[in-house]
Amino acid sequence: MATYKGIQGFSIQNLSADPSNLIEGQVWYNSTSNVWKVGELTTAGAWATGNNMNTARQELTGAGTQTAGLAIGGDLDPPSTGATEEYDGNSWTSSTSLSTARNYLAAAGTQTAAVAFGGTPNLTTPKNITEQLGQIILLV
């Protein structure tokens, strides 16, 4: 039967505590807890505080990425707003507003190629309006 050292070229470490500088795939035996362990890196991140948006609002939508994001429309309690802001991973900058101010809308895309659609201007009847980077498309 093959040994771990024969297969991998080195022996399994016998440590009294888990290593602080974990390497993915690292194998060791924790002699304090009497447990065999394998190093596994996780992809889960943590939320961090960023700079505040320029326009505080609720019921808005967003699109983009962590370093090229958009905050679009929303409600100022009331009225609805068409305010749009761009995020560069550090700070928010006001951008071209929606042509039709509304809240409860949806969006998709990137900071440079996004669409905003639907929503309710000032909590009235929902609209089937789609705006694409400054263009309005009425769907009837």
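Which residue takes a positive phi in the hairpin of strand 2 and strand 3? Select Asn34: its phi is near 55°, and the hairpin has 4 residues between the strands. Strands are DSSP runs (E, at least two residues), numbered from the N terminus.

This is a predicted model, in which local features need pLDDT of at least 70 and side-chain atom pairs count only at pLDDT 80 or more, while totals for chains, interfaces and linings use all residues. Residues are numbered from 1 along each chain as its sequence is written, and side-chain values use heavy atoms, with hydrogens and water left out.

Next, select strand 2, residues 27-30. Trp28 and Asn30 point to one face and are buried (under 20% relative accessible area, 1.4 Å probe, protein chains only).

Strand 1 (13-15) runs parallel to strand 2, with 3 bridges, and Leu15 stands opposite Asn30. Strand 3 (35-38) is antiparallel to strand 2 over 4 bridges, and Val27 stands opposite Val38.

Now go to Gly73, in the loop between strand 5 and strand 6. Gly73 is buried, with a relative accessible area of 0%. Its contacts (heavy atoms within 4.5 Å) beyond four places in sequence include Arg57, Leu60, Leu98 and Leu105. Select Tyr104 too: 31 residues separate it from Gly73 in sequence, yet the C-alpha atoms are 8.5 Å apart.

Finish at Ile72, which touches Thr61, Thr84 and Ala116, among others.

Key. Buried < 20%, exposed > 50% of the residue type's maximum accessible area, 1.4 Å probe, protein only. Pairing = 2+ DSSP bridges.
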